[in-house]
Each structure stands twice: as structure tokens, then as C-alpha cells.
Amino acid sequence: KYVIGSHEGGLVTDMPSHDNLFLYYGDLSDFSSISRIITTIRPDEVYNLAAMSDVRVSFDIPEYTGDVSGLGALRVIEAVRQAGVPAKIYQASTSELYGKVLEVPQTETTPFNPRSPYAIAKQYAYWMSKSYRDGYGMFITNGILFNHESPRRGPNFVTRKITRGAAAIALGGDRKIYLGNLDAKRDWGYAPEYVEAMWRMLQLEKPDDYVLATGETHTIREFLEEAFRHIGKRWEDHVEIKQELFRPSEVDILMGDASKAKRDLGWEPQTTFKDLVKLLLDADIELAKQNGSGQS
């Protein structure tokens with residue numbers, strides 16, 4: 001039995017959608033709903049993937065971000081503790097913890113230096129997870145995941161902005177893509193591979209914290225170049241830089257070292273950067289066709 005937190009700010013809705021899948025309504029800002037779900041289900045594993053996860057927006061709503069992404073994680077952990085459920089807990093951590101990085105690449109021992117309300121809230125969740133693990137003997141693991149993408153990524157994230165825009169342009173649409181800092185460097189991997197590693201973390205005998213990353217870094221400009229190369233267009237003709245899309249405090253480079261995950265979990269990323277961009281772009285081209293050429 002599992003509880004999987006998803007969605008920004010909540011757990012889910014309360015209607016069965018499959019014989020073996022039931023969705024329960026709850027909200028990370030409401031301890032009573034989380035406690036009710038944990039007490040009712042008594043899960044074997046809990047995956048807390050819920051957060052206010054838009055880094056740029058976190059500067060605009062810092063209090064809400066702290067409540068959901070920081071205190072929300074504590075509410076999940078405390079609900080499990082109070083219910084006396086021996087569940088294993090996966091807490092979704094983030095490479096944004098490293099912020100203005102103090103070393104490259106980043107590992108599990110690299111000091112945190114967060115640069116956004118989102119990252120600071122996630123640091124609170126990270127340390128509370130470790131505190132409950134050490135203080136109460138609970139099985140809680142932090143997955144420090146670097147950027148992981150899929151066709152289900154939200155349209156407000158830079159990768160989907162690029163691939164949705166490029167897909168519309170490829171199908172004849174006259175579309176501008178509005179972006180901020182093109183020089184930020186990120187370590188991009190394929191989300192389904194990272195989810196498998198999350199599961200592997202909870203199959204261990206003892207909890208620990210793990211970086212998941214590809215070990216490569218690419219700029220947003222490189223992502224643009226690769227996407228537009230596939231559609232035979234010049235990105236410079238379709239991209240406009242907006243100052244309001246820059247973060248107040250930028251994170252310049254993120255690149256992870258997943259050696260520990262390889263050793264303990266037998267996990268390595270399989271999808272290359274170029275294959276990832278093509279995969280995302282192909283999915284958005286197909287979606288654009290379904291929605292009407294150039295109109296996605």
C-alpha cells in the first residue's frame with residue numbers, strides 16, 4: 001500500500017479510478033487531512049512528491065511556499081509517527097538546495113547554499129526528515145534529485161516552454177517563446193528513470209540520502225539549440241528575453257554526482273541529453289497535432 005503525494009499543495013481527490021488505485025482528498029497545509037489518510041490507509045510506503053515547486057513563483061508567494069513545501073513535509077512525517085505506522089517515507093528533495101554552489105559536481109556531502117524561498121523550504125524538509133530519522137528511528141530517505149523531465153512536466157517550466165513552443169512552430173504556428181536567463185546550467189535527466197530510483201531507495205534495509213543526476217550540465221541555450229535543430233529552425237527568430245522571467249537570485253550551475261546511487265542502488269541514468277530533448281519535443285508535436293496544428 002502506498003500514499004503518493006502529488007500536485008502543488010495537495011495530495012489528491014477522493015474517487016476510485018481503478019480497481020487497485022484509490023485517490024483520497026487531502027492538503028499539505030492541513031494536518032488533519034494528512035493524518036486521516038495515513039491512519040485510514042496505514043501505508044507501507046509514502047512518497048511525498050507534493051510541493052509548491054515553481055522556483056520563480058516561490059519569490060512571489062514565499063509564505064505559502066514555506067507552508068506547503070517545508071511544513072507540509074513535516075505534517076506528512078508527523079502523521080506517520082503519530083499513527084504508529086511503520087511506513088518507509090521518501091521525501092522529495094532538490095538540487096536547488098545547492099544554490100550558489102560551493103563545489104562542482106555536487107554530492108550528498110556538498111554544503112547547501114539555497115537561493116530561493118522554494119529551496120529554503122525544501123532545506124527545512126530535508127533536515128526535519130533527517131531529524132525524525134535520527135531521533136525516532138523512522139525510515140525516511142531524502143532523494144536529492146537534479147532536474148528530471150518528461151512530457152508530463154508542467155507548461156510553466158522552461159523545458160516545456162521550449163518544446164511546446166517549438167512544436168507549435170514546427171507545425172506552422174507563428175509563436176514567440178518568452179524566456180529569462182539562457183546561461184543557467186542544469187543537469188537534465190528523464191523522470192521515469194528517477195522514479196524507479198525513488199522506489200529502490202525504499203527497498204533498502206536502512207534509510208539514507210541520495211543524489212540522482214546525469215553528471216552532465218547544459219545551458220538553457222543548448223536546450224534551445226537542440227530543440228530547434230530537430231525542427232530545422234533558428235531559435236533566435238522565435239525567442240524573446242523577458243527581464244521579469246529572471247529570478248531575483250539565480251542559480252548558475254547545477255551538476256550532480258550520483259556515484260553513491262550507482263553503488264547502493266545499482267542505478268544509472270540511461271537517457272542522453274539529446275535523446276531527452278527529442279523525446280520531449282516529439283511528445284509535444286504529437287500533442288499539438290491533437291489540439292490543432294500550431295495551437296497547443
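Good morning. I begin with a pair of side chains: Arg221 and Asp183 meet in a salt bridge, with N and O 2.8 Å apart. A salt bridge here is a side-chain nitrogen of Lys or Arg within 4 Å of a carboxyl oxygen of Asp or Glu. Because Arg221 belongs to helix H7 and Asp183 to the loop between S8 and strand S9 (185-186), the pair ties together parts that are 38 residues apart in sequence. Helices (H or I, at least four residues) and strands (E, at least two) are DSSP runs, numbered from the N terminus.

The model is predicted: local features need pLDDT of at least 70, side-chain atom pairs count only at pLDDT 80 or more, and totals for chains, interfaces and linings use all residues. Residues are numbered from 1 along each chain as its sequence is written, and side-chain values use heavy atoms, with hydrogens and water left out.

Are the two partners buried or exposed? Arg221 is partly exposed, at 28% relative accessible area, and Asp183 is also partly exposed, at 47%. Buried means under 20% relative accessible area, exposed over 50%, and partly exposed in between, with a 1.4 Å probe and protein chains only.

The whole structure holds 19 salt bridges. One of them joins Lys130 and Asp209, whose closest N and O atoms are 3.2 Å apart. Lys130 sits in helix H4, while Asp209 sits in the loop between helix H6 (191-201) and strand S11 (210-212), 79 residues apart. Both Lys130 and Asp209 are buried.

Helix H4 itself covers residues 117-136 and spans 28 Å from first to last C-alpha, close to the 28 Å expected, which is 1.5 Å times one less than its number of residues. After H4 comes Gly137, with a positive phi near 70 degrees.

Which residues touch the most other members of the largest nonpolar core? They are Ile162, Leu179, Phe223, Leu224 and Phe228, in a core of 25 residues. Such a core is a set of buried Ala, Val, Leu, Ile, Met, Phe, Trp, Tyr and Cys residues joined through side-chain atoms within 4.5 Å. Helices H5 (158-170), H7 (220-231) and H9 (273-291) and strand S8 (177-179) each give two or more residues to this core, and H9 gives the most, with seven.

Phe223 has contacts (heavy atoms within 4.5 Å) with residues including Thr159, Trp188 and Leu280, not counting residues up to four places away in sequence. Thr159, in helix H5, is buried at 2% relative accessibility.
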